Amino acid sequence: MGKIMLIGPVGAGKTSLIATLQQEKKSIGKTSCIEFHDGAIDTPGEYAQIPRYYSALLVTAMEAALILVVQDAADAKVTLPPGFVGMFSRPVIGVVTKIDVPGVDKERAKARLAEAGVKGDVFYVSAHTGEGVESLLDYIAERGCTA
Ligand SMILES: Nc1nc2c(ncn2[C@@H]2O[C@H](COP(=O)(O)OP(=O)(O)O)[C@@H](O)[C@H]2O)c(=O)[nH]1
Ligand SMILES: [Mg+2]
């Protein structure tokens, strides 16, 4: 089974989403290095936000069959550079997370992902309520991957 790799800004919800995909209930701490959790590769947000770290993401992406670029639905800031996703030679999908937060703008979040270069499918999920997680898991499995 191929691995999935989660990339996105600090606090976007990458580690929480992995825990939900893997149905783990452990407490989520700050991710300070690239971590392998079974089929999921977790990355620190700084690696997506500080160009000096891009080479580490690129090397690690070679281990992944599918890349999930994670965008916080509640975050209005632009945190990924335009076209960021273009450097990866792996299939990329977008995941808008935290859709349980009241008043979030899903379309704005999708637009942020498009600006970052996400051309593939976009999934809308909440790691807290589990909404949308089933269809994301189905997609991951259809692509021959596992979380
Ligand atoms: N409301 C809500 N909060 C979330 C969700 N996912 C993550 N969070 C919160 O967002 C913060 C950052 O999450 P974390 O998974 O550490 O983000 P990471 O830096 O991308 O790994 C934590 O306080 C989480 O509890 C979600 O689906 N809904
Ligand atoms: Mg993390």
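I started with the shell around ligand 1: it has 16 residues, and K14, T15, S16, D100 and A127 come nearest. I counted a residue as near if one of its heavy atoms lies within 4 Å of the molecule.

A note on the ground rules: this is a predicted model, where local features need pLDDT of at least 70 and side-chain atom pairs count only at pLDDT 80 or more, while totals for chains, interfaces and linings use all residues. Residues are numbered from 1 along each chain as written, chains are lettered from A and ligands numbered from 1 in written order, and side-chain values use heavy atoms, without hydrogens and water.

Next I sorted the shell of ligand 1 by class and got 6 nonpolar, 7 polar (Gly is put here) and 3 charged residues. Helix 1 gives the most, with 3 residues; helices here are DSSP runs (H or I) of at least four residues, and strands (E) of at least two.

Then I looked up polar contacts, meaning N or O pairs within 3.5 Å. Oxygen atoms of ligand 1 lie 2.6 Å from a polar side-chain atom of S16, 2.8 Å from one in T15 and 3.3 Å from one in H128. The protein covers 75% of the 590 Å² of accessible area that ligand 1 has on its own (Shrake-Rupley, 1.4 Å probe).

Last, the magnesium ion, ligand 2: which protein atoms are its donors? I found T15 (OG1) and T31 (OG1), 2.0 to 2.1 Å away; donors are N, O and S atoms within 2.8 Å of the metal, or 3.2 Å for Na, K and Ca, and water is not among the atoms, so sites may look incomplete.

Note on methods. Polar contact = N/O pair within 3.5 Å; in protein donor to acceptor, adjacent residues only side chain to side chain.
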